[in-house]
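Here are a few notes to read alongside the model.

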Amino acid sequence: MDRKDNFTNIKHLYNRAGFGIAYPDLLQLSKRKISKAIKGLLTVSNQGTELTVITPDEFKQQQLILSGLNGKKELSPDEKQQREDITKARNEKSRELNLSWIQRMITTENPLLEKMTLFWHGHFACRSNNPFYAQQLNNIQRNNALGNFKTLLLEVSRSPAMLDYLNNQQNRKGHPNENFSRELMELFTLGRGNYTENDIKEAARSFTGWAYNKSGDFEFNQRAHDEKEKTFFGQTGTFDGEAIIDRILARPETATFICRKLYIFFVNDTPDENHVKELAGHFYEQKYDISALMNSLFSAEWFYSKTNTGNKIKSPVEFLVNLSREFYVTYSKPQILIQLQSSLGQYLFNPPNVAGWPGGKTWIDSSSLMLRLKIPSLVLNDGILDFDGKADPEDEAVIALNKKQKPRPVRSYINAKADWSKFLACFPKDMKQTELAAFLLEPPVDKKISDVIASNIKLKNTAIAVTSMPEYQLC
Amino acid sequence: MERRDFLKNAAFAAAGTLVVPAFMKPFEALALDELSLYKNLVVVQLSGGNDGLNTVIPFGNDIYYQMRKGIAIKPDEVIKLNDMQGLNPNLNCLKELYDQGWMTIINDVGYPNPDRSHFRSMDIWQTASDANQYLSTGWIGRYLDSNCETCKFPYTAIEVDDSLSLAMKGMSKKGIALKDPAALFRNTNEPFFRDMINRDKDHLDEDNLGYLYKTMIETSSSANYIQNTSRIYQPNYTYPNTAFSNQLKTVSRFICSGLKTRVYYVSLSGFDTHVNQLNQQGRLLQQYAEGMNAFVKDLHQNNKLEDTLVITFSEFGRRVAQNASNGTDHGTANNMFLFGGRLKKQGIYNGAPDLGNLDNGDLKYQVDFREVYGTILDKWLDVNNSQVLNKRFNTLGFI
């Protein structure tokens with residue numbers, strides 16, 4: 001591989017495995033073998049510190065107050081106020097959690113770890129209006145993002161957020177609730193067509209008693225557990241939840257399903273089934289070691305082929321993080337990042353449903369595209385966003401109380417600051433406009449692009465023009 | 001036309017040759033005689049789960065008063081429609097439409113295994129999925145995807161808002177969201193934007209990049225078409241000054257100016273009334289009724305009411321019994337309202353909810369909402385409903 005190929009490949013790798021790369025880092029890494037860069041991405045420094053916006057103590061304190069209030073028949077005005085205050089505090093923490101994660105993505109030194117966390121966030125899609133549970137699940141996804149899939153799956157399945165979201169808290173002996181069991185197989189592991197309705201029923205019985213307690217810890221409730229025999233995938237035994245998970249993982253279909261989804265996320269909207277099969281083989285053999293799988297994916301020659309480069313539509317979060325990271329943007333009112341996520345169709349911690357965001361072309365419609373094309377000039381020039389977000393259905397109760405039709409202001413100042421001197425200092429003094437465009441864009445710079453930027457004198461103008469192009473939506 | 005050809009033609013058009021696809025020249029494409037055949041569907045979404053029982057009040061049933069001691073509407077306040085049901089007094093403005101035969105109420109609309117989460121249930125209503133099925137396209141979007149002759153343009157379905165609802169997104173086609181046609185027109189006519197689409201020739205065959213350019217071209221062309229067409233029409237009806245009425249006023253302007261749009265989408269939110277429901281819901285119902293009254297009369301005055309069908313839905317109704325805070329919690333089946341000049345079954349379509357026969361404290365549905373959609377698709381939008389709803393649904397007799 002010659003130097004120029006290496007330059008292009010490293011850039012591609014960092015776009016897909018992370019959120020872009022700074023110019024000096026790119027030059028530096030281009031001098032070495034690509035395997036070094038992959039190894040660097042897979043080596044996580046500081047073990048990716050957990051996100052903490054709400055501490056266990058704070059959460060326990062709230063729980064204590066709430067359980068006291070829930071026991072009462074009639075609440076005094078003060079007590080009502082107390083309950084309202086907790087709800088308000090929790091909504092505030094939920095927003096803080098969202099922002100602290102997106103800020104983490106913008107500044108992280110472990111881009112692959114955060115990118116994988118984003119992948120698992122969409123794969124194990126979950127909504128919880130309890131920020132402590134949401135934070136817990138997010139940290140489970142981060143701690144195991146590059147670890148072992150079985151551990152990840154078990155911990156997700158035991159998290160209060162998921163137990164609550166998929167009603168396993170109500171899954172009891174004699175009254176099975178099949179919601180968790182169904183999604184476990186349909187969306188988290190095997191995929192449709194690889195199990196029967198009866199397997200769902202029997203698995204649901206095996207998960208009875210998987211619950212969480214008031215402190216937000218997993219608790220196996222023996223009394224609610226159905227201890228009788230179950231027949232799952234043709235085998236009979238007194239299975240519990242973990243035994244079911246083991247049997248699901250023993251099926252190669254699970255490895256294939258996960259690899260296809262990873263392929264769609266990291267490589268191409270249209271999976272090449274031969275490549276998926278190749279990956280799934282490794283994954284199964286390596287006993288679901290995610291890190292080893294990602295290493296084979298990024299090391300595969302086809303990952304760098306022309307069909308797989310510059311052709312994926314960035315998700316809204318990838319788009320926002322990319323731009324902010326690239327230009328060292330700081331937001332003095334970070335709240336705007338939530339409004340942008342929601343307007344562009346990917347509001348973190350609020351997936352549309354348990355199937356996650358469908359991705360690909362569904363990110364783009366006329367209004368989301370128009371907004372995307374405008375955002376760079378607004379963010380980089382600190383402009384005004386004239387855009388009404390839709391009310392989130394979960395915010396409805398708040399809206400009803402506030403007597404306002406819509407909670408968000410019509411005009412929002414972006415209040416962002418790009419560090420232009422830091423950005424520009426990265427480049428050689430004689431950097432040409434087209435070279436900058438080629439660095440900022442993944443699709444090749446053609447005549448159309450060079451014509452549009454031809455009249456620019458300053459690199460800054462070129463940067464704004466280029467990031468406002470449809471080509472910048474791709475990575 | 002294949003997408004590739006379509007895009008090539010679009011590029012040629014921009015370069016000024018004579019090969020111009022229809023959407024680039026809306027005026028020429030718009031034969032006047034087509035206009036009279038135009039049937040418009042207007043979808044009104046009430047977000048938050050409007051309490052149907054305090055909207056259409058079953059004042060003839062004593063169970064209603066027993067279960068809602070704090071929030072029931074007194075019989076003498078109810079605007080009576082028959083011996084059993086009547087309208088919330090805040091819906092006073094709807095009575096006039098009702099009496100003209102321009103309004104139909106369908107009771108107990110729902111679906112099997114209802115979901116009580118706002119988000120999920122709205123998803124189900126917008127995608128027309130089963131309760132345990134996840135679809136990434138909306139029912140109107142799939143109507144756009146169907147091979148209907150007039151569905152190829154984004155402006156076939158317009159949402160008067162800044163962002164597009166899932167209902168309006170199909171697999172290959174999507175509607176367009178715009179709150180203010182002039183603003184979208186200005187944005188797509190900025191020199192930089194024009195520059196990008198006019199220079200567009202090289203990348204059009206590439207899949208995702210081609211899709212982005214196609215979306216840009218269509219947005220620009222739709223913005224031009226909508227702005228130029230609707231600019232000519234001078235609205236003369238006075239609407240109340242609320243955000244909801246403004247949306248309807250925009251829709252009316254589009255309909256009256258003869259836009260070749262078939263579906264409009266508007267919404268009013270804030271119906272999640274867990275606490276002190278009476279005032280909150282009353283205020284919203286009043287905004288709704290005043291807006292609808294102006295809208296329907298405006299269309300009637302412009303001879304467009306015959307061509308228009310309006311449906312109103314909410315993601316779920318509330319529980320039959322009130323809660324301890326003089327509010328109501330998330331329930332199941334709900335009523336739907338229809339308005340228009342060509343309703344076959346006017347007034348109340350079916351029997352009132354049976355409050356004595358509940359499912360765990362919730363209303364049992366009589367009509368699947370997809371039967372309502374199916375009827376509209378078959379009889380109003382002229383497309384076989386199974387093509388859009390993935391299985392065949394019975395049609396009803398309201399149109």
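1. Buried area is the accessible area (1.4 Å probe) that two parts lose on being put together, summed over both. Between chain B and chain A it comes to about 4,600 Å², with carbon and sulfur atoms giving 59%. B:Phe119, B:Tyr134 and B:Asn208 supply 16% of the area that chain B buries against chain A, more than any other three residues.

2. Some ground rules: this is a predicted model, where local features need pLDDT of at least 70, side-chain atom pairs count only at pLDDT 80 or more, and totals for chains, interfaces and linings use all residues. Residues are numbered from 1 along each chain as its sequence is written, chains are lettered from A and ligands numbered from 1 in the order in which they are written, and side-chain values use heavy atoms, leaving out hydrogens and water.

3. How many residues of chain B are in contact with chain A? There are 54, meeting 54 residues of chain A, where contact means heavy atoms within 4.5 Å.

4. The interface holds 2 salt bridges (a side-chain nitrogen of Lys or Arg within 4 Å of a carboxyl oxygen of Asp or Glu). B:Asp207 and A:Lys361 meet in a salt bridge at 3.4 Å, N to O.
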